[in-house]
Amino acid sequence: MALRMVCSKTLSLNRIVSPNSINTLPKHVQNVTAATVRWSSFRSSEPVGDMAQYPEVEVVRNPPEWKFVERLLAPRTVPKPVAKEVYPSGWKPANPQPGLKYVVLRTKNHMLPVYLRRSFRGQRRITAIRHVEGDIWQLEAELRYLIEKQQNRPIISRVNEMSGLIELKGDHVAFVEKFLLEKGM
């Protein structure tokens, strides 16, 4: 009981007691408190001394050595893919069919924005289609009709017109991606 009280007091004292005032505490509390004090805090570090003790620094805008650093940095933008007949990964560039009232824009990595969200320990699965522009209601109606026809049962969908998001209850990622690729998106 006494040890529990000492430990609980020292843990709460850890926030109040500064590292310099530990020596003023009773001996039985000093041992426990010294082990629980965070010495890596900025409050416990020494203040900055005389600036003359530090080396001088010269800031150079375009040093000749910078070219060796630049090649290691990641590019600021994702480069456009090289045009090929067939890609080994199965990826296809966007080429929407003419006459469509809607379009699904690609992500910055040139991928289709179709995602599977899982919740409730994987029991609830929701397919999300993002970056939809144009007639979002027509795309949702076409997808819902085709999925209901495939599964022979109604599905639940939700449309957020302001953010360009369609959500379909269930795991339909492969079907939606195939549908969008056939449409050229």
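Me: Are Y87 and W91 buried or exposed?
Reply: This is a predicted model. Under 20% relative accessible area counts as buried. Both Y87 and W91 are buried.

Me: How is the aromatic pair of Y87 and W91 arranged?
Reply: The structure holds one aromatic pair. The ring centres of Y87 and W91 are 5.0 Å apart. Their planes stand at 85°, and planes over 60 degrees apart count as edge-to-face. So the pair of Y87 and W91 is edge-to-face.

Me: What span should helix α4 have, and how far apart are its end C-alpha atoms?
Reply: Helix α4 covers residues 136-151, which makes 16 residues.

Me: Within what arc do the buried residues of α4 fall?
Reply: The buried residues of α4 are I136, L139, E140, L143 and I147. They line one face of the helix, because seen down the axis of α4 they fall within an arc of 95°.

Me: Which residues are exposed on the other side of α4?
Reply: Exposed means over 50% relative accessible area. On the other side of α4, the residues that are exposed are Y145 and K149.

Me: Which elements do the buried residues of α4 pack against?
Reply: Strands and a helix both take part. The strands are β1 (102-104), β3 (124-129), β4 (132-134), β5 (157-160) and β6 (165-169). The helix is α5 (173-182).

Me: Which strands stand at the edges of the open sheet?
Reply: The open sheet has four strands in the order β2-β3-β6-β5, with antiparallel pairing. Each edge strand has a single partner, so one side of each is left without a neighbour in the sheet. The edge strands are β2 (114-119) and β5.

Me: What is the bridge partner of I126 in β6?
Reply: β3 and β6 run antiparallel. Four bridges join them. In β6, the bridge partner of I126 is K169.

Me: At about what angle does α5 run to β2?
Reply: α5 lies across β2, β3 and β6. Its direction relative to β2 is about 165°.

Me: What is the relative accessible area of K183?
Reply: K183 lies in the segment after α5. Not counting residues up to four places away in sequence, K183 touches N95, P96, Q97, L100, Y102 and E142. K183 is buried, with a relative accessible area of 18%.

Key. Residues are numbered from 1 along each chain as its sequence is written. This is a predicted model: local features need pLDDT of at least 70, side-chain atom pairs count only at pLDDT 80 or more; totals for chains, interfaces and linings use all residues. Side-chain values use heavy atoms; hydrogens and water are left out. Rings of Phe, Tyr and Trp (its six-membered ring) pair if their centres lie within 6.5 Å; planes under 30 degrees apart count as stacked, over 60 as edge-to-face and the rest as tilted. Buried means under 20% relative accessible area, exposed over 50%, partly exposed in between (1.4 Å probe, protein chains only). Helices (H or I, at least four residues) and strands (E, at least two) are DSSP runs, numbered from the N terminus. The expected span of a helix is 1.5 Å times one less than its number of residues. The arc is that of the directions from the helix axis to the C-beta atoms. Contact means heavy atoms within 4.5 Å. Two strands pair if DSSP finds at least two bridges between them. Axes are lines fitted to C-alpha atoms, for helices over the stretch in contact, and angles run from 0 to 180 degrees between N-to-C directions.
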